[in-house]
Amino acid sequence: RQSPPFLLRLSARMRDAAALSRRLIGTGLASVARRSPSRPPISRLARLSVCSVARVPTAEDVRAYSPSELEAARLQLVAALDGAEHSLASDFSVEAAQQRTHLARILAMTLLRLGSPLDAEQTIVDALGVPRGVTGGEAARWCRARGGDAGCSSEAPLEMAFLLGVCYQKSGRTREALAAFEEVLRESEGHWRARYHTALLAIGGGRHDEGE
């Protein structure tokens, strides 16, 4: 199975940016080493790029990253997700499906923080196979169902449904966002982030009593 066009485009951009990143980081570290040959300091962004093969970013990492670190994380996650897609195409397993869903979730979070809600939405839709034209609460239900079919924990598909709601909210589709958040709250009343975003939408629409 071929990778989705969205991932192919991002992979091409990733290769160009990665080559530039390696040149810049290599030049910068060499310069620092000349100034302090005993123990050159390495920035957090440099560590992220140099150690990218060791592990992929976590949700906590993405929440703490600066814009430049988010871009480096995006490139790394696109490559990891593309690899997971190819692995699933050649040899399906529950573990591989779980990994693909996890990577898609973290990439969607990264894209949202970079201000690209439509790309984040497409990442979720591609990962869980949401049918074209299905949005709002129905798409959120699809995320939960497909995540469960893939053997994911109960939290993972719920978080994907929540992120889909944030994608709608950030791209100005208030009705779809509200429907997605309500679907999340129907499954988990204690999901405080879905409740918080629902309140933001109510206040933004002038329904202050509901927001409180």
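Is Phe181 buried or exposed, going by its relative accessibility? At 0% relative accessibility, Phe181 counts as buried (buried means under 20% relative accessible area, exposed over 50%, partly exposed in between, with a 1.4 Å probe and protein chains only).

A word on the source: this is a predicted model, where local features need pLDDT of at least 70, side-chain atom pairs count only at pLDDT 80 or more, and totals for chains, interfaces and linings use all residues. Residues are numbered from 1 along each chain as its sequence is written, and side-chain values use heavy atoms, leaving out hydrogens and water.

| Residue | Relative accessibility | Class |
|---|---|---|
| Phe181 | 0% | buried |
| Phe162 | 4% | buried |
| Ser188 | 24% | partly exposed |

Phe162 and Phe181 make up a tilted pair, with ring centres 5.7 Å apart and planes at 40 degrees (rings of Phe, Tyr and Trp, the last by its six-membered ring, pair if their centres lie within 6.5 Å; planes under 30 degrees apart are stacked, over 60 edge-to-face, the rest tilted). The structure holds one aromatic pair. Phe162 sits in helix 8 and Phe181 in helix 9, 19 residues apart (helices are DSSP runs of H or I, at least four residues, numbered from the N terminus).

Ser188 lies in the loop between helix 9 (174–187) and helix 10 (192–204). Its C-alpha is 9.8 Å from that of Glu155, 33 residues away in sequence.

As for Cys143, its contacts (heavy atoms within 4.5 Å) include Ile124, Val130 and Met160, not counting residues up to four places away in sequence.

Notes: Helix = DSSP H or I, 4+ residues; strand = E, 2+ residues; numbered from the N terminus.
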